[in-house]
Amino acid sequence: MFKTEINATNLLDYYTQLTELQDKNTKRFLNASMYHNAIKNVLKDCESFTEFGICQGPTTALAMLNGIKTVRSYDIDLKWYHDVASLFNEYAKVNGIDLRVYEADTIKCDIIEETDCLHIDSLHTYNHSRG
């Protein structure tokens, strides 16, 4: 992930600009669009979504933009999210989405709500994942 300035006035514009930048600047075999299309297919059968490791929030935005009404997002450090939090909050308010974003270490959380879709995109190491 990379920090970039995006001039967006709404969540859809932010999501579109960010994923285009990710596709352009990512040299992985799986670009953001392919990755997000796979997640979008899973979301068709979901009412709730939880993400560990939101960073700038593209996958949380994807869930919200695809009609998920209960969204929980966690990150150990929300520094990259704070700049755009208002876009998420406004979209949630207008579209009746129960959005809660937590700055927390998911390994140490006492309670994480039941969810239809859990997306783990936190620290990408074996030791962290087996937590």
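How many helices and strands does the secondary structure of the protein come to? It comes to five helices and four strands. Helices (H or I, at least four residues) and strands (E, at least two) are DSSP runs, numbered from the N terminus. Read along the sequence, the pattern is α-α-β-α-β-α-β-β-α.

This is a predicted model: local features need pLDDT of at least 70, side-chain atom pairs count only at pLDDT 80 or more, and totals for chains, interfaces and linings use all residues. Residues are numbered from 1 along each chain as its sequence is written, and side-chain values use heavy atoms, with hydrogens and water left out.

Start with the sheet. It is open, has four strands, and runs in the order β3-β2-β1-β4 with parallel pairing. The edge strands are β3 (98–103) and β4 (117–120), and each of them pairs on one side only. From one strand to the next, the twist averages 10°. Two strands count as paired if DSSP finds at least two bridges between them. In general, strands of a sheet pair through backbone hydrogen bonds, either parallel or antiparallel.

Now take the strands pair by pair. Strand β1 (residues 48–52) pairs with β2 in the parallel sense over five bridges. Phe-49 stands opposite Val-71 in β2. The chain crosses from β1 through α3 to β2, and this β-α-β crossover is right-handed. Right-handed here means that, with the strands pointing away from the viewer, the path from the first strand over the helix to the second runs clockwise.

Strand β2 (residues 70–75) also pairs with β3, again in the parallel sense, over six bridges. Arg-72 has Arg-100 in β3 as its bridge partner. Thr-70 stands opposite Asp-98 in β3. The chain crosses from β2 through α4 to β3, and this β-α-β crossover is right-handed. Strand β2 is mostly covered, with five of its six residues buried. Buried means under 20% relative accessible area, exposed over 50%, and partly exposed in between (1.4 Å probe, protein chains only).

Next, helix α3. Seven of its eight residues are buried, so α3 is largely enclosed by the rest of the structure. The buried residues of α3 are Pro-58, Thr-59, Thr-60, Ala-61, Leu-62, Ala-63 and Met-64. Just after α3, Gly-67 takes a positive phi of about 85°.

What forms the largest nonpolar core? A nonpolar core is a set of buried Ala, Val, Leu, Ile, Met, Phe, Trp, Tyr and Cys residues joined through side-chain atoms within 4.5 Å. The largest one has 27 residues, of which Tyr-14, Leu-43, Met-64, Phe-88 and Leu-99 touch the most other members. The elements that give two or more residues to this core are α1 (11–25), α2 (32–43), α3 (58–65) and α4 (85–95).

Leu-99 deserves a look. Not counting residues up to four places away in sequence, Leu-99 touches Thr-60, Met-64, Val-71, Arg-72, Tyr-81, Phe-88, Asn-89 and Ala-92. A contact means heavy atoms within 4.5 Å. Across the protein, among contacts between residues at least 6 apart in sequence, 61% join residues at least 24 apart. Buried residues make up 37% of the 131 residues.

Then the cysteines. The structure holds zero disulfides, a disulfide being a pair of cysteine sulfur atoms within 2.5 Å. Cys-46 is in no disulfide, and the nearest cysteine sulfur, that of Cys-117, is 4.8 Å away. Cys-46 is buried, with a relative accessible area of 13%. Cys-55 lies in the loop between β1 and α3. Cys-55 is partly exposed, with a relative accessible area of 21%. Its phi is positive, about 50°, although Cys-55 is not a glycine. Most residues other than glycine have a negative phi.

Last, Asn-95. Its place is in helix α4. Asn-95 is partly exposed, with a relative accessible area of 29%. Asn-95 and Lys-69 are 26 residues apart in sequence and 8.3 Å apart in space, C-alpha to C-alpha.

How values were computed: Axes are lines fitted to C-alpha atoms, for helices over the stretch in contact, and angles run from 0 to 180 degrees between N-to-C directions.
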